[in-house]
Amino acid sequence: MRLVYLRVIIGVLFIVWAILHIIYGLSIIHFLALIGLFFIVDAILSVVAAVLVLLNIMVMFIPVLVYSWINYILLTGSRIFPAPVLGYRIPVIDPLVIIVAIIDIALIFLVTALWILTRRH
């Protein structure tokens, strides 16, 4: 039963992450169409991840964890190295970036914990 609470927390974090990315994607889609579309598609994937975790589809926990790592690496890596598609480093580190980074790190830890705990049962 305790894993239900962990799954709900993870699901809520994925949904919040998706909402932030939809808002940002829609705000930039008019002048950076490809990047805005990427954010919206990634937000949809985040909702899918939330559903997979909430429905307790354990075989998908590792792909969800990999997805979380990819998001974190894209976020942090694009601040240090040239971003994929753009070809240049994104120098912006605003409050939204910090919030998303915190959510990414939390998701990595929580999904890892969920996977480990489900392996014991």
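Residues are classed here as buried when their relative accessible area is under 20%, as exposed when it is over 50%, and as partly exposed in between, with a 1.4 Å probe and protein chains only. The structure is a predicted model, in which local features need pLDDT of at least 70 and side-chain atom pairs count only at pLDDT 80 or more, whereas totals for chains, interfaces and linings use all residues. Residues are numbered from 1 along each chain as its sequence is written, and side-chain values use heavy atoms, with hydrogens and water left out.

Helices are taken as DSSP runs of H or I with at least four residues, and strands as runs of E with at least two, both numbered from the N terminus. The expected span of a helix is 1.5 Å times one less than its number of residues. Helix α1 has 27 residues and reaches 40 Å from its first C-alpha to its last, close to the expected 39 Å. For α3, which has 20 residues, the corresponding reach is 29 Å, close to the expected 28 Å. Helix α4, covering residues 95–120, has 26 residues and a reach of 38 Å, close to the 38 Å expected.

In α1 the buried residues are L3, L6, R7, I10, G11, L13, F14, W17, A18, H21, G25 and I28, and they pack against α2, α3 and α4. In α3 the buried set consists of F61, V64, L65, Y67, S68, N71, L75, G77, S78 and R79, and what covers these residues includes α1, α2 and α4. The buried residues of α4 are V97, V100, A101, I103, D104, L107, I108, V111, L114 and T118, which pack against α1 (2–28), α2 (33–54) and α3 (61–80). An α-helix has 3.6 residues a turn, so residues three or four places apart point the same way.

Aromatic rings of Phe, Tyr and Trp (its six-membered ring) are paired if their centres lie within 6.5 Å, and planes under 30 degrees apart count as stacked, over 60 as edge-to-face and the rest as tilted. A search of the whole structure on this basis finds five aromatic pairs. One of them, formed by F14 and Y67, is tilted, with 6.3 Å centre to centre and 35 degrees between the planes. This pair links distant parts of the chain, since F14 lies in helix α1 and Y67 in helix α3, 53 residues apart. Both F14 and Y67 are buried. A further pair, F38 with F39, is edge-to-face, at 6.0 Å centre to centre and 75 degrees between the planes. F38 is partly exposed, with a relative accessible area of 42%, whereas F39 counts as buried at 18% relative accessibility.

F14 and Y67 also belong, with W17, to one aromatic cluster. S46, placed in helix α2, is buried with a relative accessible area of 0%, and touches F14, W17, A18 and Y67, residues up to four places away in sequence not being counted.

W115, in helix α4, is partly exposed with a relative accessible area of 30%, and touches F61 and I62 when residues up to four places away in sequence are not counted. The C-alpha atoms of W115 and L65, 50 residues apart along the chain, are separated by 8.8 Å. I99, likewise placed in helix α4, is partly exposed with a relative accessible area of 42%, and its C-alpha atom is separated by 9.0 Å from that of W17, 82 residues away along the chain.

In the loop between α2 and α3, N56 has a phi near 60 degrees, a positive value in a residue other than glycine. At 29% relative accessibility, N56 counts as partly exposed.

Technical notes. Contact means heavy atoms within 4.5 Å.
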